[in-house]
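Take a look at the fold below. We will go through a metal site, then a group of helices, then a loop.

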Amino acid sequence: MKTTLKTNITVKDICEGFVYNELEGKGLFGFGGKLTIQPEYQRNYIYAEGDGKREMAVIESILKGYPIGLIYFNKVSENNLEVLDGQQRITSVGRFVTDKFAIQDENGNPQNFFGMAQDKKTKILGTKLLIYECEGTESQIKEWFRTINIAGVPLNPQELLNAVYSGPFVTLGKEEFSNSQNSNIQKWSAYVLGSTNRQDFLECALEWVSKSNIGDYMSSHRYDANIIELKKYFSSVIDWVFSVFIDVESEMRGLEWGRLYEQYHKKSYNPKKVWEEVQKLYGDLYVKNRKGIFEFILGGSTDTKLLEVRVFDDATKKSSYKEQTTKADKKGESNCSHCAIGHDANKETIWSINDMDADHVTAWSKGGATSAKNCQMLCKTHNRAKGNR
Ligand SMILES: [Zn+2]
């Protein structure tokens, strides 16, 4: 790959023909139409709204004569450049000189470009940028981009995949899943954790449809002109969750709904009964892991490991052990009640406390509490056989 350092391109040059898309909040073109600011493999413009401070800082730096850092262009052809790194800085500058935002002057008053003193305007427009133009094949550029990861905020795995498999499929996918203007985002947020501009929704949709083989999926669909399957699968999962669990709980966000859908969507559930069970478990002090409630119910309310039901404390275990062992000694039988009724060699074995585990006499799932009254010690073998029910 060939790189050339350009030191004579000015802010004025770059901002010529600057086009900003208000709806998507991103800069599109500049440099007299030669420059594509937002190529596919670039992240979304992150600090357009939310953090106006950073774009103000870019302008203030220029006014003070501070460097704003290296900018990298990918030279696609003589009249066609793409921003590899520096998209956010270029968009800030472009937005400022087209009066999209104001900075604060020395007295703290808002100051837009239009109303600025001529010498300051000249200073901004005349500022020369440090630009590396890189030339190489598509895969070289992308590989390089992936390796050095130069963007200010490190790219996350999905952003890298978008870069590596850029093309019509990624474009459509981002339009649907990385677009904060999409009115479905709010509904999806009940089940999906993350933000649109960091590609979390797209990643989730791909994760689900590909059964966790995102890279393979993106590679084989890279040149698809539609995302029908991706959209359909994603809505099927969301609609299924929505139909089984009629209330939205905060612990539902970010669960592996794709996997749960695959495993359980062919079973039928009574949403009202499911709702009652969710409520009951939410009110149960012994349930430590509320995130496990949904899978627990889907699986028929048997796998209590998912709920991390609170275990007996040591004091309770010791007192149960002592009581059981004293009684067993007198009767001349095992202190494990299951061994005592058996017919093997352990019928009279007195186990040490370390060889026993605490068990709920009445199963926790049948309403048995994790209290001394409901505690019995069983030998490890029998406790395991009985399971954690
Ligand atoms: Zn036993």
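Four donors count as tetrahedral if all their angles lie between 85 and 135 degrees. Donors here are N, O and S atoms within 2.8 Å of the metal (3.2 Å for Na, K and Ca); water is not among the atoms, so sites may look incomplete. This is a predicted model: local features need pLDDT of at least 70, side-chain atom pairs count only at pLDDT 80 or more, and totals for chains, interfaces and linings use all residues. Residues are numbered from 1 along each chain as its sequence is written, and side-chain values use heavy atoms, with hydrogens and water left out.

Start with the zinc ion. Its donors are Cys 336 (SG), Cys 339 (SG), Cys 379 (SG) and His 382 (ND1), at 2.0 to 2.3 Å. The four donor atoms subtend angles of 95 to 115° around the zinc ion, so the arrangement is tetrahedral. Along the sequence, the donor residues follow the spacing C-x2-C-x39-C-x2-H.

How accessible are these donors? Buried means under 20% relative accessible area, exposed means over 50%, and partly exposed is in between (1.4 Å probe, protein chains only). Cys 379 has a relative accessible area of 2%, so Cys 379 is buried. His 382 has 24%, so His 382 is partly exposed.

Now the helices. Helices (H or I, at least four residues) and strands (E, at least two) are DSSP runs, numbered from the N terminus. Axes are lines fitted to C-alpha atoms, for helices over the stretch in contact, and angles run from 0 to 180 degrees between N-to-C directions. Roughly perpendicular means 65 to 115 degrees.

The axes of H2 (residues 52–64) and H3 (residues 87–97) come within 9 Å and cross at roughly 80°. H2 and H3 are therefore roughly perpendicular. Contact means heavy atoms within 4.5 Å. On the H2 side it includes Val 58, Ile 59 and Ile 62; on the H3 side, Val 93 and Phe 96 are among the residues.

H2 also meets H4 (residues 118–126). Their axes come within 9 Å and cross at roughly 100°. That makes H2 roughly perpendicular to H4. Ile 59, Ile 62, Leu 63 and Lys 64 of H2 touch Lys 120, Lys 123 and Ile 124 of H4.

Finish at a loop. Gly 108 lies between strand E7 (103–104) and strand E8 (110–111). With a relative accessible area of 37%, Gly 108 is partly exposed. Its C-alpha atom is separated by 59 Å from that of Lys 305, 197 residues apart along the chain.

Technical notes:
Four donors count as tetrahedral if all angles lie between 85 and 135 degrees; four count as square planar and six as octahedral if opposite donors are over 155 degrees apart and all others between 65 and 115; anything else is irregular. Angles under 35 degrees count as roughly parallel, over 145 as roughly antiparallel, 65 to 115 as roughly perpendicular and the rest as oblique.
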